[in-house]
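Please look over the sequence and the model below before reading on.

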Amino acid sequence: MKKYFVSVVLVLFSITGSMGQEFQSPNGNFKMIFTLEKDGTPTYQLFLKNKEIIKKSKLGLELQKDSKSLINDFKLVNEVRNTFDETWKTVWGEETAIRNQYNELALTLKQNDTDRLIVVRFRLFNDGLGFRYEFPQQKNLTYFVLKEERTEFAMTGDHTAFWIPGDYDTQEYDYTESKLSEIKKLFRGAVTGNASQKQFSDTGVQTSLQLKTADGIYLNIHEAALINYSCMHLNLDDTKFVFQSHLTPDAKGNKGHLQAPCVSPWRTIIASHDARDILASRMTLNLNEPCKIENTSWIKPVKYVGVWWEMITGKSSWSYTDEVPAVQLGITDYAKVKPNKTHAANTKHVKEYIDFAALHGFDAVLVEGWNEGWEDWFGKEKDYVFDFLSPYPDFDVKGIQEYAQSKGIKMIMHHETSGATRNYERHLDRAYQFMKDNGYNAVKSGYVGNILPLGEYHYSQSILNHYQYCIEKAVDYQIMVNAHEAVRPTGICRTYPNLIGNESARGTEFQAFGGSKANHTTLLPFTRLIGGPMDYTPGIFEMDIAKLNPNNNSHVNTTIGNQLGLYVIMYSPLQMAADLPEHYNQFLDAFQFIKDVPVEWTTSKYLEAEPGYYITTARKDKNSNNWFVGNSNGYQKRTSTITLDFLEKGKKYEATIYADASNADYKTNPQAYKISKQKVTNTTKLQLFTAAGGGYAISIVEVP
Ligand code: NOJ
Ligand code: CA
């Protein structure tokens, strides 16, 4: 590994006001200027190729009232400049090696009145800016409570934004595309579904926020390394187009409890004239600490199927019984309650999934609804429903494990916590040990419903600490974690690569809860995936949900071509084939792509991209010379034009193209696809039709 580290330290005494600190990205494309206003308020301003992209924006933190806020009255007392260039190896990722190259400016500010010190550390990469607040150990700032973080992101105009409401409890929204000036008008209409409509402002949005300026600059605002701090939303002043940080409060309304020495997460701005560069950015990962797990040999990407979609669609149930909750009747022995006929997690059925997984080369099977408590949970806020140890009587843990092992299949554990974080922590060691004892090395956890203790939010500091605790504790047991409804990721998977997935956005499940917008997956890579992989659970082939459950008239708003493309465009080391085996059996030729597509990659290329409209991505398999291409298309049908110049020169390949048929349409004809084969080289140009809500997938295999 190459590593350069040059450091220049300048100690400055009594530098005041007017003078600005300026620095540039390694390639000179970005320039940032820091200034202290006359009243000692710190500000920054960002330029891309000499064009201002963030207007002068204030920095600072408001403290609870017993303490003077850290927002003004500062003088600059120290300045350190560094350059850094290192290439690090990923455990898994879109690439096997990632270059982390930046110039750094760390400014120590001293507050005149209080003598308190803060450091603002800026890093300029070739793809954008990251900065954070640091609170060194000192006499006058020890333990402090945040009222609000006051970081601004001042926009240069009324940009187009792709946004979801700044909810404290869910990210499971469709995106709205609008001008900044239209957010307020559209806000309440955008708050839908099962969201808990907490008291967020009418212009508050979540990060990662994707923006586009009138002159074609793509801006992306998010955060990195969100640890022991509360999650940031952005409140917009829609007269001036200035976003200000808005941290998730705790039950008392406080925004954070900090103890120096400590740091804030990084605030990030990725920017480019080319949307593909936003997808190619590794800045969020680079701003996280290197891997803290010494031996990572047990962390392995996983392609899986699961006893899942049938419950999501309402065809089957998680619960074992439909009786009044067994425990409420005083029955603790489930063998004594009347079973329903819809409980899917029964031994016989699970073995069918294991057989299907083994037959088609999958790694693992997820089973939900295996444990006692489901009928006791729905609709209640009880924090003691699940113990994560007690299987229903029809789920034979040992027998299933032995069967799976004999077929070379791993089982994935499911822990629905019911949002009861304290209850989960109480049981966690035993629950993880139970997994180890029964051969499980991966867990899908979930936080449905209000957080218990009541009053806390999904994204407040103490609850984020809970998610982090579960990830770190899992390392002790060599368990991989895929947490649903947890906070949106911020690149922590670099430090803890056992965090192999999160949901933390509107996943495929919503296609069975009334449907998602047909362009949803042309946005997720620009928003949710900036922080890390998503367990999106693609691969739905039967779009008419009423065929599974006559009482559910949802429609899956994509074509089969699109579903296949998602395995490439939605990067994740954890990929599910979410539909039922009987649906795959109807379309085995299309299913072949899901069987072939790898979950480990050497490198990735972004061939076409426009947020909300289309994405085309190519990736090279880690274990062969084969390439895979995926496309997701939005509402307007179009022709995707790509050149396969990423293939090795002089080599021959055979491409299998899984494309939308010319009459395909997400609404009216979603299952129309055509599969063709052709010889290709690195000069081949392809023009492929993509339907509304459509897409395609290509596997490119080297031939002699
Ligand atoms: C919501 C999750 O996203 C889904 O995947 C899971 O099946 C349910 N919660 C039940 O735990
Ligand atoms: Ca969910």
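The notes that follow are grouped by topic.

This is a predicted model, in which local features need pLDDT of at least 70 and side-chain atom pairs count only at pLDDT 80 or more, while totals for chains, interfaces and linings use all residues. Residues are numbered from 1 along each chain as its sequence is written, chains are lettered from A and ligands numbered from 1 in the order in which they are written, and side-chain values use heavy atoms, with hydrogens and water left out.

**Domains**

- The chain is assigned domain 1 (9-286) and domain 2 (288-504), with bounds that come from an automatic or database domain assignment.
- Taken over C-alpha atoms, the centres of domain 1 and domain 2 are 35 Å apart.
- The contact involves 38 residues from domain 1 and 31 residues from domain 2, where contact means heavy atoms within 4.5 Å.
- About 2800 Å² is buried between domain 1 and domain 2, and carbon and sulfur atoms give 53% of this area; buried area is the accessible area (1.4 Å probe) that two parts lose on being put together, summed over both.

**Cavities**

- On a 1 Å grid over the protein atoms alone, a cavity is a set of points where a 1.4 Å probe fits but cannot get out, and a pocket is an open set with protein on both sides within 12 Å along at least five of seven lines; lining residues have an atom within 4 Å of a point.
- Grid points are joined across faces, edges and corners, and a volume is the space filled by probe spheres set on the points.
- The structure has five cavities of 30 Å³ or more, and the largest cavity has a volume of about 220 Å³.
- Of the 22 residues lining the largest cavity, Tyr467, Gln468, Ile471, Val487 and Leu499 lie nearest its centre.
- Helix 9 gives the most to this lining, with six residues; helices (H or I, at least four residues) and strands (E, at least two) are DSSP runs, numbered from the N terminus.
- The lining of the largest cavity has 15 nonpolar, six polar and one charged residues, where Ala, Val, Leu, Ile, Met, Phe, Trp, Tyr, Cys and Pro count as nonpolar, Asp, Glu, Lys and Arg as charged, and the others, Gly among them, as polar.
- The second largest cavity has a volume of about 100 Å³, and the closest to its centre among its 15 lining residues are Tyr175, Thr207, Ser208, Arg488 and Arg528.

**Second largest pocket and arginine 282**

- The second largest pocket holds about 530 Å³ of space.
- It is lined by 34 residues, and Glu94, Ile98, Arg282, Leu285 and Cys493 are the closest to its centre.
- Domain 1 and domain 2 each supply at least three residues to the lining of this pocket.
- Arginine 282 sits in the loop between helix 2 (275-280) and helix 3 (283-286).
- Arginine 282 counts as buried because its relative accessible area is 8% (buried means under 20%, exposed over 50%, partly exposed in between, with a 1.4 Å probe and protein chains only).
- Apart from neighbours within four places in sequence, arginine 282 contacts Glu94, Glu95, Ile98, Asp127, Ser604 and Tyr606.

**Backbone details**

- The peptide bond joining alanine 260 and proline 261 is cis, with omega about 0°.
- Leucine 452 and proline 453 are also joined by a cis bond, with omega near 15°.
- Glutamine 478, in the loop between helix 9 and strand 27, is not a glycine but has a positive phi of about 50°.
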